[in-house]
Amino acid sequence: MVKKSFRNIYTVLIFLFLYAPIIILIIYSFNESKSRGAFTGFTLKWYQDLFSNREVLKALSNTMIIAVVTTIVATTLGTLAAIGIHFSRKGPFKQMALNLNYLPILNPDVVIAVSLIALYRFMGLDFGLSTVLLSHITFCTPYVVLAVLPKLKQMNVHLAEAAMDLGAKPMYALRKVIIPEIMPGIVTGALLAFTLSVDDFAISFFTTGHGVQNLSILIFSMARRGINPVINALSTFMLIGFFILLLVINRIGRKEEEEIY
Amino acid sequence: MKKVAYPYVMWMVIFILVPLFLVVYFAFTTGDSKNYDTFTFSLDNFRRFLSPIYLEVMTRSLLLSVISTFICFILGYPIAYIIANKRSAKMRNNMILLFVIPMWMNFLLRTYAWLTILGKNGIINTFLNFLGFESLELLYNSGSVILGMVYNFLPFMVLPIYSVLVKMDRKLIEAAEDLGASRSTIFRRVIFPLSLPGVMTGFTMVFTPAVSTFIISNLLGGNKTTLIGNVIEQQFIYTGDWHFGSTMSIILMGIILLVMAITNKGGGDLEGGRGALW
């Protein structure tokens, strides 16, 4: 009995540690005072200001544009890559593809960032939205591959063969048999890519040009002069947004399962 | 079917492999960073790195990240164990999800929020004053940087350990019980050794971002807690000496590869790493 209560207390303490800063942020998004000193009174003004703050809205739209484009490209590229890797025979190609996939996951983000700016300068690209996009696609896609590969391994090996024996062309079998089978992995990969893109700072910070700012870069530049509580309000919104997104995806997933059985 | 992977492999060669070669090229040359024609082969950057200032920064980075990794292990193992032993699968999944949700809030902002908790007029000090104690200097030192690392990277330790523990064959534990082993013996001789691959993966997943961070030390650290990540950032963003910055990046990569080689020997499986977050 003592042991059980000890476990519960420990669990609560760990989650308190993880959530303390988030709770603080949410509370301070309702704080009247602009400084992060004391809580002086309840207000909703930061939520109102949010919709008229050009700088913050621009950063938000940049973040979202980058995240959405990255998610679409990374999910497509990564899913096809996982399928190709899965169906290729053991050998140098498979090994090389898997190793290349692990490189950006294992390398620290600073190193990826500096290697990418070296490349962009070498290619003579102008730094800006396009370089940030290329970089985000590069570091997000490996996670999609890692999310999809296990689903391919779980798939019945004979399904695609059966489809092709019955006369389906490979691309048709891919569309109608393989992709529906691995859909949960693809959705997971897409979510992961989206989250990583929204949350990234280091790679965006290095590969962006003048004038293009996403939320992380904006927050970083604000950190010196004090963070505008509008950012707290926005983050509270985004947290709720992500939560709803997850619930919706879970619900769709459950419905699909019900339809199958 | 193999062909559908070609675009991706091409992409990775261009955006991962070629850039890494460029960094190596930069590391072994000097010249005007903006003009590739001026580059000449040189080991000066490595010599410069061996000077006391940079060695001190490197030692500090290693020390702080190793300490953080161990704290993550000490804090993370019990919670992974507790979650893995919950009977209902739904409960387990929800608790693991609770480790992922904080990542939906910008991590700079979450790290920054610690200023409100630890600051001079922060929550902890206000509370201490209320109890009649003196205020403590909780910010801008090694302690606050370690706290930031543990806070940000704890999930990377918990998730791989959890995924190993939850997949463990229960029959092995039952067999040990039937043979009369006590609970602590079972943990020491059966459960813990079997969970080592998860622990090793956790070590890599925490150590790598911790040793290379520049944001945590930037936000929570002071002048005395400059880390190798900060020096690399300075070289690329402000000083413009890409050669020296590249040299330090290469050395950082070398250290991480070394750590990974050690943890891989311990049975670390990278597939259970960050990709297992979902």
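What do the elements of chain A run as, from the N terminus on? They go α-α-α-α-α-α-α-α-α-α-α-α.

Some housekeeping. This is a predicted model, where local features need pLDDT of at least 70, side-chain atom pairs count only at pLDDT 80 or more, and totals for chains, interfaces and linings use all residues. Residues are numbered from 1 along each chain as its sequence is written, and chains are lettered from A and ligands numbered from 1 in the order in which they are written.

Back to chain A. We get twelve helices and zero strands there; helices (H or I, at least four residues) and strands (E, at least two) are DSSP runs, numbered from the N terminus. Of its 261 residues, 42% are buried. Buried here is 20 or more other C-beta atoms within 10 Å of a residue's own, exposed is 12 or fewer, partly exposed is in between, and the C-beta atoms are placed from the backbone.

Now chain B. That one has twelve helices and two strands, and the order from the N terminus is α-β-β-α-α-α-α-α-α-α-α-α-α-α. Its box is roughly 75 × 70 × 35 Å, again along the principal axes, and 46% of the 278 residues of chain B count as buried.

How do the two chains meet? In chain A, 67 residues are in contact with 63 residues of chain B, and contact means that the C-beta atoms of two residues, placed from the backbone, lie within 7 Å. Several helices of chain A each supply at least two residues to that side, including H3 (54-87) and H12 (229-260). The largest share, 13 residues, comes from H1(A). By class, the side of chain A that touches chain B has 51 nonpolar, 13 polar and three charged residues. For those classes, Ala, Val, Leu, Ile, Met, Phe, Trp, Tyr, Cys and Pro are nonpolar, Asp, Glu, Lys and Arg are charged, and the others, Gly among them, are polar.

Chain B also splits into domain 1 (1-42) and domain 2 (51-277), with bounds from an automatic or database domain assignment. Their C-alpha centres lie 30 Å apart. Seven residues from domain 1 of chain B and eight from domain 2 of chain B make the contact. On the domain 1 side, H1(B) gives the most, with four residues.

How far can we trust this? The predictor gives the complex an ipTM of 0.89 and a pTM of 0.90. Chain B averages a pLDDT of 89, and 95% of the residues score at least 70; pLDDT is the predictor's confidence in each residue, from 0 to 100. Watch residues 271-278 of chain B, though, where the pLDDT is below 50. Where pLDDT is low, the predicted coordinates should not be read in detail.

Most residues other than glycine have a negative phi. B:Tyr140, however, has a phi near 60 degrees, a positive value. You'll find B:Tyr140 in the loop between H6 and helix H7 (142-167) of chain B. Is B:Tyr140 buried or partly exposed? B:Tyr140 counts as partly exposed because 18 other C-beta atoms lie within 10 Å. That's me done, thanks!
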